[in-house]
Structures are given as C-alpha cells and as structure tokens.
Amino acid sequence: MHNQRMPELRMGNLIASVPIVQGGMGVGISRAGLAAAVANTGGIGVIASVGLDLLNGTPKNRKKGVSVQLLKQEIERARQLTDGIIGVNVMAALTDFEALVDVSIDAGADVLFMGAGLPLHFSANLTPERLRSLTTKMVPIVSSGRATELIFQYWHKKYGRIPDGVVVEGPMAGGHLGFKKEQIDDPHYALENLVRDTVAAVAPYADDYGMNIPVIAGGGIYTGQDIYDIMQLGAQGVQMATRFIATHECDADMAFKQALIDATEKEISIIISPVGLPGRAIRNTFLEQVEAGVQKPFNCPYKCLKSCDYKTAPYCIALALSHAQQGRLQQGFAFTGANGYRVDKMMSVKELIDELAGEYCTVARADVMAAVGGE
Ligand SMILES: Cc1cc2nc3c(=O)[nH]c(=O)nc-3n(C[C@H](O)[C@H](O)[C@H](O)COP(=O)(O)O)c2cc1C
C-alpha cells in the first residue's frame, strides 16, 4: 500500500528514475565502468575528467591535451555500456577546463558537473547562443548559497540562461573541499544549512525562467534515511561518491577499495593539498612522510591545475592519486568522504542502489504512517 519509492530527478527533459548522482572521482576512480553501472540502475553515472592521461602505467611524457582525447574515448566507452544518463565531472581549477567542457559536449555527455572553482567562463566555441541551445545539462558544484547566487546572476547577465541544476557539496565530502579548514566542523556549514540557502538562492531564478532547477545535495550522504532527510529540506537529488568506491564496478584497483574498507574513523583526516585547498583522505605512510617534510620530487610537464604552485609543492597530487588508483598506495593516497570508515564490504552497484532505495522506502513509509496516525 504505502510504497514510498524514491522520486525521480528531473532536469528539463532529462529524467533519472533514481535521484542519485554518482559523484565524479578523479584520478580514474570513476571512469566509464562505474559511471555506466550507475546509469544502468537509473541513476546518473559520472566520469571524472581529471588526470586520465596518468592512468595505465605512469607516462613520463605527459602532454597537455591528451586528457581531452582520452575523455572523448571514455564517454564513447560509457555509451557502449549503457543507454542511461552519463555525466562528466570537470574541475574549473584545471588549465584545460574549457577544452574538457567542449569535448564532453561534442561527445554527447548528458550532464556536465563543474566544480572546484566557479564555472563562469567557457571557450569561444560556447557562444551565448550555443549555451542557450545545448542539450547537455550544465550543473555547477558549489559550497554555498552565495556562490550559487553569484553563478546564476553571472550566467543570466552574460549568457541569458541559468544552470540546469546545482550540486551543493558540504564539508563531509571526499576529495578537495570548498571550505576553509576551520569551517569544516562548524555547524553553520552543515549540509542541511547549505541546502536551505541554495534552494532559496535558486528559487527566484527558477521562477523567472519558469524552470524546475533541482538542488542536488552531496557530502556525507550514506543511507536511504540520509537521502530522505535531505530531500525533506528541498533537495531533489543527492550526489554520493564514497559509497561507490567499494563496488565491484568502481574503476580503482582492489587495493584502493580495500584501503577504504580497512580505514578507521581516526585514519580519515584533513590534508592541505598542493592545490591549496583542504582535502579529506585516508592517512597513510605517504601522507605522514609529506607531513614530516619529506619531498617527493617530480617533473611537471604541463601545469594541469591553475592553482598548483608546482615549484614549491612537496609532491604532485595528480601523480599521487594516479598511483593510488593503480593500487600503489605507498606512492600515493586515497581520498574519501567523512563516512568512509563505515564502508566494510564490497557489493555491486545494483545491490547498493537497492539497499538505499529499500531504506528510503522504509523511512518514507514510517513518516506517512505517522502523519495519518498509523493504520
Ligand atoms: C576518491 C574521491 C575522488 C573525488 N574526485 C573528485 C573530482 O575529481 N572532482 C570533483 O568535483 N569531486 C570529486 N570528489 C567529490 C565527490 O564527487 C563527491 O561530491 C563527494 O565525495 C560526496 O561526498 P561522499 O563521498 O560523502 O558521498 C571526489 C571524492 C572522492 C571520495
């Protein structure tokens, strides 16, 4: 009777039957394999575009532009594996941001998730006219209602359009965080507050344009109950990453997945990465050596990150993350969300989605029963 299924996530004409976006995980943690598996369950699968040129061994001659070609192949590979929704995560902090955006659109990505900086400027190919007629949905990733307002205002004035949705990522997320170190544990920046602020920032624009602009919440979402709770605050979907690491389909080496399964709460800690932002990772010998001042010499054939001061950086973050992705954790480390220590076993993507949907349904049903006074 009271079958309270998770609602669909709608972005214009794009409809995900499961309102879960698998957060993009670079370097190589979410490639076509994971993204297609998520898309096949009805969620949105996301390929991370950063550092694709560093996988399959560690090429000595990295060249600017190679990642762009490899991203095209990755999107085409995902297309062969699924008819579902495929997104691409592109970091605005990358020096080839504009080219990665262009190739994603040309290769037919359904959604572009643009984070790690404000996505305000695009290549000359993306004229305001073209931006207004894109079929690819454009979705910034933000950390506040203020950043949302800034992006929407800028796009409205400069391009005569607004984003199709927005991901708001709180301080419990994995990878680089859009917060200062001291803000991470400050309840003011709790995801619940950020969702309320973001929903409020989007509302007037959604009204003006007569569009539904979904707010998608990420960072620390772990159970179906978490999904239900955050959707009660106005989120229309969630972005989850950490839970997808320990899946059979995740594109990382088994040693990377095992590092997450073995991680304790104490080992999950905040690091300041060479990018200049805090990040959340599993503490290991590599990170301890870096903290103790050990330098990990490297060549920087091209500057992949705008904000990286490669001349003073103690190590190359792209290289370290690619080593970890390939299972060489002594030469790198694994990013994780704050709830990573709760992951204790491998499962398939379908099992994970089914578990989350079941939990959501139980909580939603109990809520309905409580509202009608039980039956
Ligand atoms: C291993 C790992 C790699 C990540 N890489 C990226 C990335 O390349 N770009 C990005 O925008 N976010 C990245 N993130 C953040 C996720 O996309 C996601 O928004 C966040 O981790 C959600 O929180 P959760 O892991 O608690 O579910 C990464 C997270 C992890 C755990």
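Tutor: First, a definition: angles under 35 degrees count as roughly parallel, over 145 as roughly antiparallel, 65 to 115 as roughly perpendicular and the rest as oblique. This is a predicted model, where local features need pLDDT of at least 70, side-chain atom pairs count only at pLDDT 80 or more, and totals for chains, interfaces and linings use all residues. Residues are numbered from 1 along each chain as its sequence is written, and side-chain values use heavy atoms, with hydrogens and water left out.

Student: How do the axes of H5 and H6 cross?

Tutor: Helix H5 (residues 145-159) and helix H6 (residues 191-209) have axes that come within 7 Å and cross at roughly 20°. H5 and H6 are therefore roughly parallel. Axes are lines fitted to C-alpha atoms, for helices over the stretch in contact, and angles run from 0 to 180 degrees between N-to-C directions. Helices (H or I, at least four residues) and strands (E, at least two) are DSSP runs, numbered from the N terminus.

Student: Which residues make the contact?

Tutor: On H5, they include Phe152 and His156; on H6, Ala201 and Tyr205 are among them. Contact means heavy atoms within 4.5 Å.

Student: New topic. Which residues are closest to the ligand?

Tutor: Gly24, Glu169, Gly220, Gln239 and Thr242, out of 21 that surround it. Being near means a heavy atom within 4 Å.

Student: What polar atoms face the ligand's oxygens?

Tutor: A polar side-chain atom of Glu169 lies 2.4 Å from a ligand oxygen. For Gln239, a polar side-chain atom is 2.8 Å from one. Gly24 has a polar backbone atom 2.9 Å from a ligand oxygen.

Student: Which strands supply the shell?

Tutor: Strand E5 (85-91) and strand E11 (237-240) each supply at least two residues.

Student: Last thing. Which peptide bond is cis?

Tutor: The one from Gly26 to Val27, with omega near -10°. Val27 sits in the loop between strand E3 (20-22) and helix H1 (32-40).

Student: And what is phi of Ala116?

Tutor: Near 50°, a positive value in a residue other than glycine. Ala116 is in the loop between strand E6 (111-115) and helix H4 (128-132).

Methods:
A polar contact is a pair of N or O atoms within 3.5 Å; within protein, one must be able to donate a hydrogen and the other to accept it, and residues adjacent in sequence count only if both atoms are side-chain atoms.
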